Amino acid sequence: MENRTPQGNARLVVASNRGPIEVRAVADGQDEFDRGGGGLVTGMLGALHGRDDVVWVCAALNDAERSLARELENNRVSDVPAAAELLDGVRVRMLPIDATTFRQAYNGIANSALWYLSHMLYDTARSPVFDIGWRRQWGAYRRYNQSFAESLDAECAEGASVMIQDYHLDLAPAQLRARRPDLRIAHFTHTPWSPSDYFPILPDDVGSELLTGLLGADLLGFHTVRWASAFLDCCRDVLRVPVHYSEGDEPAGGLVTAPDGRSVQVRVFPLGVDVQAMKERSQQRDSLARMRTLQRIVGDRAVITRVDRTELSKNIVRGLLAYREFLRANPNWHNRVVHLAFAYPSRHDLADYRAYTADVKRLADEIDDEFGTDEWTPLKLEVENDYAGSLSGLRLADVLLVNPIRDGMNLVVKEGCVLSERDAIPVLSRQAGAADELGEDAIMINPFDVTATAGAIRLALEMPAVEKRLRAERLRAASQGASPHDWFRAQIDAVSIN
Ligand code: F6P
């Protein structure tokens, strides 16, 4: 442990792999900036608004970001006026971690090992293989986390609160604590947590290092009781440290005694949607234009909508198989329904993801060949980024198809319940975190059971209007829960006062 005066003046620091700002190098050598995507970034920036003592530490994700960050003192991309305009006064430090270390940590460990583990995606007859090459990647993940720990140390004032996000940064809490025991450290896992009899797929020392890394925090957040309890189980079974599961009036989650004897809080903070921002966005010019195009395709037919990254855990292929089975079993629905499937590009650096995208496109073509006619487009698959179109697709939805293999929360189903103008009923995987809040009124499915999913699609389409209306009202209310702003605020409060 180092003993020295803190250099930084930030009282509140956020850390995440993907930051609140994106940099694009354009032809004339100038950089262009975009606000980082998604409601979460917007909500978190909102919660930081008006403070001049906040820093957000993130990684440079590409060459343009790396070279800009290297040029700036303290990698302070928010010092560029065009970036500052998008950041509500939040200072951003973007870490120019070298490209190889970043690739090994992000693709090799975070998006492969840790993502596959938490979403239970391994085809265990073949993978994973933890060999010497993998160990090199694990070394890169350690160094990547260490870069964050060093920068957080440099930014934080004495006693500051640090809000670390997600599985990319599971080692950073302990690495930071070793440098700065004065800080209040929170970590939030946005993914599921793997069951304690699946987690030991990881090499024993790595599993222990990961859990101990997280237990460097004072507060560990999860979206649902299920993921929090799975984490507690792993601490109990793998680290063999004492754990306490909440009872009675205690906040959902529990407590773990870390190997160094500290008590670490494990808490549940379910994330909801930013209703106002989303509704406003869905009324902007580009969304309205997309709405008109989709309305032309749909006509007076019923609509089944899905919106996902083309991500293995989202189970898009089984969703399409279920739609095909539904059409084969229910000829009376031909020419009366359209499936709008938005499947955005994701993680194309990984071969599994490229192959998965190809599978999705092939199956979509097969469905179109089998059922499409001059008058009827049974399936409209969109594989390019089309946020405006997806909001319009959600507005039009009668049924939301949300069938992930496993999902930390799944905000899309909540967005769909709020935006749908047709009282959409979700066909919802029981493996999605959102099932906790929406399970009573959605039609719940086993995501592996294609036939049951096809049956659920029919049930949702044929539900009597009165029942749909009642369910949709309750679903709308349940989806609005904690806005990203409130969700983040609650964690800041919980870590600062304890
Ligand atoms: O599901 C957890 C999550 O962090 C999401 O919030 C996010 O969409 C994704 O994983 C990470 O995506 P990316 O690798 O594109 O940053």
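Tutor: Residues are numbered from 1 along each chain as its sequence is written, and side-chain values use heavy atoms, with hydrogens and water left out. As the model is predicted, local features need pLDDT of at least 70 and side-chain atom pairs count only at pLDDT 80 or more, while totals for chains, interfaces and linings use all residues.

Student: Why is asparagine 75 called buried?

Tutor: Buried means under 20% relative accessible area, exposed means over 50%, and partly exposed is in between (1.4 Å probe, protein chains only). Asparagine 75 has 14% relative accessibility, so it counts as buried.

Student: Where is asparagine 75, and what does it touch?

Tutor: Asparagine 75 is in the loop between helix 2 (63-71) and helix 3 (81-84). Helices (H or I, at least four residues) and strands (E, at least two) are DSSP runs, numbered from the N terminus. Contact means heavy atoms within 4.5 Å. Leaving aside neighbours within four places in sequence, asparagine 75 is in contact with Ala69, Arg70, Val92, Arg93, Met94, Leu95 and Pro96.

Student: And leucine 40: what makes that one partly exposed?

Tutor: Leucine 40 has a relative accessible area of 24%, so it falls in the partly exposed class. You'll find leucine 40 in helix 1 (residues 39-48). Beyond its neighbours within four places in sequence, leucine 40 is in contact with His190, Leu271, Pro484 and Trp487. Leucine 40 and phenylalanine 488 are 448 residues apart in sequence, yet 9.1 Å apart in space, C-alpha to C-alpha.

Student: How do you know that the length of helix 11 agrees with what it should be?

Tutor: The expected span of a helix is 1.5 Å times one less than its number of residues. Helix 11 (residues 316-329) has 14 residues and should span 20 Å; its end C-alpha atoms are 20 Å apart, so the two agree.

Student: Which residues of helix 11 are buried, and what do they pack against?

Tutor: The buried ones are Ile316, Val317, Gly319, Leu320, Ala322, Tyr323, Arg324, Phe326 and Leu327. Their partners include strand 12 (302-309), strand 13 (337-344), helix 12 (351-371) and helix 16 (450-461).

Student: Which residues are around the ligand?

Tutor: Here a residue counts if one of its heavy atoms lies within 4 Å. Those residues are Arg18, Tyr106, Trp115, Asp166, Tyr167, His190, Arg309 and Arg347.

Student: What else stands out about arginine 347?

Tutor: Most residues other than glycine have a negative phi, and most peptide bonds are trans. Arginine 347 has a positive phi of about 50° although it is not a glycine. Arginine 347 lies in the loop between strand 13 and helix 12, and at 15% relative accessibility it counts as buried.

Student: Which peptide bond is cis?

Tutor: The one from serine 127 to proline 128, with omega near 10°. Proline 128 lies in the loop between helix 4 (99-119) and helix 5 (132-155).
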